[in-house]
Amino acid sequence: MKKLLIFIFCSLILTACEDEPEVDFNFPDDIINKGIKFGPSYDVKTLYFNAPRKSEPKVSVEEITHTYEEWLSTQCYYDDGKWILRIAVSGNDKNSDRRGYVNLKVGKSMTKITVIQKIDNITIQTQPQILPNTGGELKIRFISAEKPKVAINYPAQSNSTWCSLGEITEVDEDTYEVPVSYKENTTYGRIAKLWITTGRDNKVLLSSSVRNSLMNQR
């Protein structure tokens, strides 16, 4: 009788193991190979995957850098026929990037997602000099971990809005470009400031180095 009970118990365990599903998470290849990159601000990214509703996915977090604080968190739940995995990072005010992993296990299947959060820093690649007095356009390129805000300011005494901004576009990974159009100058020298800002980083590009003047015609 005892042997029979042991046999039944082992059979139940083997059957349960066989019932564990093989899950194709179907995440994009760049997420599996390169991971997910966040900018320095608080952010949430959402992934979807198919699995049986009763599969009970198991999610764990490994924080490799800055382990003394909980900067990386997850939430996994079922909604509208799909499982949803939300990955969140808190704001990064450190002087170095942060790295961690999100482990997702469903039945026999498991995947590890690398999470990288960049620091708040802007590097300007374009340094325009004195502009000609004719109208034209220049493109400002800069490196930033997230899409920054860009604005043009003029001196308080100025009543001329001779510059205008185009749309910021991402031309490469973490590399952005914004076109700046400027009108023909029919007066004296003029100055504008282009502010490129993220959470805590501010860069002024167009300053006294960017001016139009009738002196260029003489």
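Asp80 sits in the loop between strand E4 (72-79) and strand E5. This is a predicted model. The protein has 218 residues, of which 36% count as buried. Its elements are 2 helices and 15 strands.

- Most residues other than glycine have a negative phi.
- Asp80 is exposed, because its relative accessible area is 76% and the cut-off for exposed is over 50%.
- Asp174 also has a positive phi, of about 65 degrees, and is not a glycine.
- Asp174 lies in the loop between strand E12 (169-172) and strand E13 (175-182).
- Asp174 is buried, because its relative accessible area is 16% and the cut-off for buried is under 20%.

**Nonpolar cores**

- The largest nonpolar core holds 20 residues.
- Leu47, Phe49, Leu85, Ile87, Ile113 and Val115 touch the most other members of this core.
- Strands E1 (36-38), E2 (43-49), E5 (82-89), E6 (98-106) and E7 (109-117) each give two or more residues to this core.
- E5 provides the largest share, 4 residues.
- A second, separate core has 18 residues, including Ile140, Val180, Tyr182 and Leu194.

**Phe49 and the aromatic residues**

- Beyond residues up to four places away in sequence, Phe49 touches Phe25, Phe27, Pro57, Cys76, Lys82, Trp83, Leu85, Leu104 and Val106.
- The count of aromatic pairs comes to 6.
- Phe25 and Phe27 are a stacked pair, with 5.8 Å centre to centre and 20 degrees between the planes.
- Both Phe25 and Phe27 are buried.
- Phe25 and Phe49 have ring centres 5.7 Å apart and planes at 75 degrees, so this pair is edge-to-face.
- Phe25 lies in the loop between helix H1 (2-19) and helix H2 (29-34), and Phe49 in strand E2, so their pair ties together parts that are 24 residues apart in sequence.
- Phe49 is buried, as is Phe25.
- One aromatic cluster is formed by Phe25, Phe27, Phe49, Tyr78 and Trp83.

- Asp43 is found in strand E2.
- Asp43 is partly exposed, with a relative accessible area of 28%.
- The C-alpha atoms of Asp43 and Val89 are separated by 5.7 Å, although the two residues are 46 residues apart along the chain.
- Leaving out residues up to four places away in sequence, Asp43 touches Phe38, Ile87, Ala88 and Val89.
- Thr111 is in strand E7.
- Thr111 is buried, with a relative accessible area of 12%.
- Apart from neighbours within four places in sequence, Thr111 is in contact with Phe25, Phe27, Ile32, Val102, Asn103 and Leu104.

**Lysines over rings**

- Lys45 lies over the face of Phe38, at 5.1 Å from the ring centre.
- Lys112 places its charged end over the ring of Tyr101, 4.9 Å from the ring's centre.

**Whole-protein values**

- Among contacts between residues at least 6 apart in sequence, 65% join residues at least 24 apart.
- The accessible surface comes to about 13,500 Å².
- Carbon and sulfur atoms account for 49% of that surface.

Conventions: Residues numbered from 1 in each chain as written. Predicted model: local features only at pLDDT ≥ 70, side-chain atom pairs only at ≥ 80, totals over all residues. Heavy atoms only, no water. Core = buried A, V, L, I, M, F, W, Y, C linked by side-chain atoms within 4.5 Å. Buried < 20%, exposed > 50% of the residue type's maximum accessible area, 1.4 Å probe, protein only. Contact = heavy atoms within 4.5 Å. Areas by Shrake-Rupley, 256 points an atom, 1.4 Å probe, with all protein chains shown as cover. Phe/Tyr/Trp six-rings, centres within 6.5 Å; stacked < 30°, edge-to-face > 60°. Lys NZ or Arg CZ within 6 Å of the ring centre and 35° of its normal.
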